[in-house]
Amino acid sequence: MPTLILLRHGRSTANTSGVLAGWTPGVALDERGAAQAAALPARLAGLPLCEVVASPLQRCQETLRPLLEARPGLRLSTDERIGECHYGDWSGRKLAELKDEPLMEVVQAHPSAAAFPGGESLRAMQTRAAEAVREWNARVESDHGADAVYLMCSHGDIIKSLVADALGLHLDLFQRISVEPCSVTAIRYTRLRPYLIRLGDTGNFASLAPREEPGEGPAEGDAPVGGGAGAP
């Protein structure tokens, strides 16, 4: 079966302002995110991509633009099932405010039980994304062969949930996974099991350096909902 390249969108204006964007319209890449997107054609030059699938949200579509311009023969498909989690009433709110919500503790420690008010559950999010991947795997294999490589551009929580699915991890463990903006995660699917062959690869190690000031991320104990802004 095919190899799936999961690309998280480049850093967005919501990432840098500390807002949980969800499906809020008009969330674009910031200056660094645009630079990350511009670097994608060179980063992925060695990959014979046969298909590109994207979340319908603006930040994903913008991330892919330089790659599609560099490869005019590459077809883009949009699939709502790999769109961001529907955070409902939490959408557009500051992450700093959401830390005090009782639900946040559930999101961090028992995400399989977390359902966002006016939105969807993390369990439903994972199910729809995994179903999309399995359908695309079959379609890509049928159209391009078992050794095909294709790309999906999606969001932090979606990608983390797909990694957990590939590794056979319970959703309650998915907050232990971290993927930075414009990072590449690769999963090779076979008839019996998937293999995780890259995780959150940005091509640099800046995010591993100690931070001068406290911020979001695993070092502070909680996983950033939505994926976080990446290295400073």
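What follows is a chat about this predicted model.

Q: Let's start with strand S4. How many of the residues of S4 are buried?
A: Six of the six, residues 149-154, so S4 is largely enclosed by the rest of the structure.

Q: Nice. Which residues point which way from S4?
A: Val149, Leu151 and Cys153 point one way, while Tyr150, Met152 and Ser154 point the other way. Both sets are buried.

Q: Why the every-other-one pattern?
A: Because side chains in a regular strand alternate between the two faces of the sheet.

Q: OK, and which strands pair with S4?
A: Strand S1, residues 3-8, pairs with S4 in the parallel sense over six bridges. Strand S2, residues 49-54, also pairs with S4 in the parallel sense, over five bridges.

Q: Switching to helices. How do the axes of H2 and H3 cross, left-handed or right-handed, and at roughly how many degrees?
A: The crossing of H2 and H3 is right-handed, at roughly 35 degrees. The axes of H2 (residues 31-43) and H3 (residues 58-70) come within 8 Å.

Q: Which residues meet there?
A: On the H2 side, Ala37, Ala38, Leu40 and Pro41. They meet Glu62, Thr63, Pro66, Leu67 and Ala70 in H3. By class, this contact has seven nonpolar residues, one polar and one charged.

Q: Which residues of H6 are buried?
A: Among them are Leu122, Met125, Arg128, Val133, Trp136 and Val140. Gln126 and Asn137 are buried in H6 too.

Q: What happens just after H6?
A: Glycine 145 sits there with a positive phi of about 100 degrees.

Q: Which residue other than glycine has a positive phi?
A: Cysteine 182 is one, with phi near 60 degrees. Cysteine 182 lies in the loop between helix H7 (156-167) and strand S5 (184-189).

Q: Is cysteine 182 buried or exposed?
A: Buried, because its relative accessibility is 1%, and the cut-off for buried is under 20%.

Technical notes:
Residues numbered from 1 in each chain as written. Predicted model: local features only at pLDDT ≥ 70, side-chain atom pairs only at ≥ 80, totals over all residues. Heavy atoms only, no water. Buried < 20%, exposed > 50% of the residue type's maximum accessible area, 1.4 Å probe, protein only. Helix = DSSP H or I, 4+ residues; strand = E, 2+ residues; numbered from the N terminus. Pairing = 2+ DSSP bridges. Axes fitted to C-alpha atoms, helices over the stretch in contact; angles between N-to-C directions. Left-handed = near helix turned anticlockwise from the far one by under 90°. Contact = heavy atoms within 4.5 Å. Nonpolar A, V, L, I, M, F, W, Y, C, P; charged D, E, K, R; others polar.
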